Amino acid sequence: METFFCFRCTISRLKLENNNYKKMKFNTKTIHGKQKYDPAYGAVMPPIYQTSTYAQSTPGGHKGFAYSRSHNPTRQALENAFASIENGAFGLAFGSGLAAIDAVMKLLKSGDEVISTNDLYGGTYRLFTSIFEGFGIKFHFIGMQNVANIEDYINDNTKLIWVETPTNPMMTIIDIKATAAIAEKHKLLLAVDNTFATPYLQQPLDLGADIVMHSATKYIGGHSDLVLGALVVKDKELADQLYFIQNASGAICGPQDAFLALRGIKTLHVRMQRHCENGKAVAEYLASHPKVEKVYWPGFEDHPNHDIAKSQMNDFGGMVSFTTKGNNYEEAIKFVEKLKIFTLAESLGGVESLAGHPASMTHASIPKKEREKTGVVDSLIRLSVGIEDEEDLVSDLKQALG
Ligand SMILES: *Cc1c(COP(=O)(O)O)cnc(C)c1O
């Protein structure tokens with residue numbers, strides 16, 4: 001077989017089918033992990049299979065694809081890439097990050113209880129309290145910086161621990177390994193929202209989590225041009241249950257967005273490297289500025305969870321929050337309006353730098369007293385530091401603070 005030319009053999013030799021990805025380093029996995037060239041023509045990027053259905057030769061006689069809610073080749077390529085970069089075995093892609101969380105919650109039933117991080121993405125909090133509490137699921141929102149707190153809330157009904165780390169917008173770090181040990185001891189599922197860190201920085205499944213969740217809308221997509229979510233697991237039975245929910249509830253992503261997210265994954269490592277470098281430069285500049293009160297960035301040695309961040313993350317990311325002296329609401333608004341390179345916008349994780357004012361934007365619906373309990377004070381600004389030139393970013397902050 002080796003000696004005569006065969007187009008099909010050449011293709012299969014070019015990229016082995018899903019065999020070697022476990023041995024690859026992360027920067028190779030993002031590009032090749034669990035990927036293969038398209039079997040039809042050898043297309044290097046999986047085509048956008050914009051189809052709802054597939055021809056069958058005889059009833060049930062298809063190539064593994066019968067209907068695109070159930071399976072779609074473009075989505076499958078993305079799901080395989082997710083599984084690979086998170087060191088999982090199974091990936092599932094959804095129409096948004098919240099659709100992915102929604103699928104996890106549907107593993108539960110009325111009477112079950114969930115213990116969740118308190119400094120939580122607002123949309124996740126809304127989904128838990130405004131939708132799933134109504135279906136009889138009980139949530140405990142607690143500080144998890146001291147993981148021992150978790151055990152105080154565990155009872156016979158507890159089924160799931162939901163963790164976000166680093167948290168939004170206070171950049172608190174939660175010890176995933178220690179949380180996983182508690183989950184294992186009490187036979188609970190541990191799900192980690194890995195949106196802020198991405199697998200470039202931390203791989204929760206390796207630290208003992210059962211489910212990793214992503215809003216791929218952010219760093220994974222990386223170009224602020226799509227909304228998409230994902231789950232990754234190791235366990236086959238759990239994957240089957242989640243696949244059942246994905247297909248039964250139907251909150252899948254379309255092939256066009258799957259293609260864009262897959263393209264995003266291929267440059268995740270180079271983008272994240274620059275996000276981390278620029279994040280560090282911005283955090284250090286802000287910390288040295290006389291008008292700045294406090295900078296929240298886990299890379300600082302005096303960050304309360306710096307040691308955990310150092311042990312479970314490869315670097316400290318591009319998200320930086322800070323407050324200014326005097327804690328003035330109007331001054332914070334003026335600051336974000338004066339920015340020229342940082343765009344005032346919701347969301348994060350794109351190539352362009354964004355700035356947000358949580359008190360008037362993402363957290364505006366939370367009463368002042370409540371939001372201040374978790375540190376979201378009037379002058380708090382959250383930056384998603386992009387991959388522009390570091391000097392330009394620093395001078396933009398300088399002129400807006402001046
Ligand atoms: C954006 C975000 C979500 C929700 O994802 P969507 O794609 O917007 O539905 C969940 N968790 C975190 C941490 C996020 O930043």
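**Cavity and ligand site**

Mentor: Lining the largest cavity are Asn-168, Pro-169, Ala-345, Glu-346, Ser-347, Gly-356, His-357, Pro-358, Met-361, Thr-362, His-363 and Arg-382. The model is predicted, local features need pLDDT of at least 70, side-chain atom pairs count only at pLDDT 80 or more, and totals for chains, interfaces and linings use all residues. Residues are numbered from 1 along each chain as its sequence is written, and side-chain values use heavy atoms, with hydrogens and water left out.

Trainee: What makes a space a cavity and not a pocket?
Mentor: On a 1 Å grid over the protein atoms alone, a cavity is a set of points where a 1.4 Å probe fits but cannot get out; a pocket is an open set with protein on both sides within 12 Å along at least five of seven lines, and lining residues have an atom within 4 Å of a point. The search of the whole structure returns 4 cavities of 30 Å³ or more, and the largest cavity has a volume of about 70 Å³.

Trainee: Where does the ligand sit?
Mentor: In the largest pocket. To sit there, more than half of a molecule's atoms must lie within 2 Å of the grid points.

How values were computed: Grid points are joined across faces, edges and corners, and a volume is the space filled by probe spheres set on the points.
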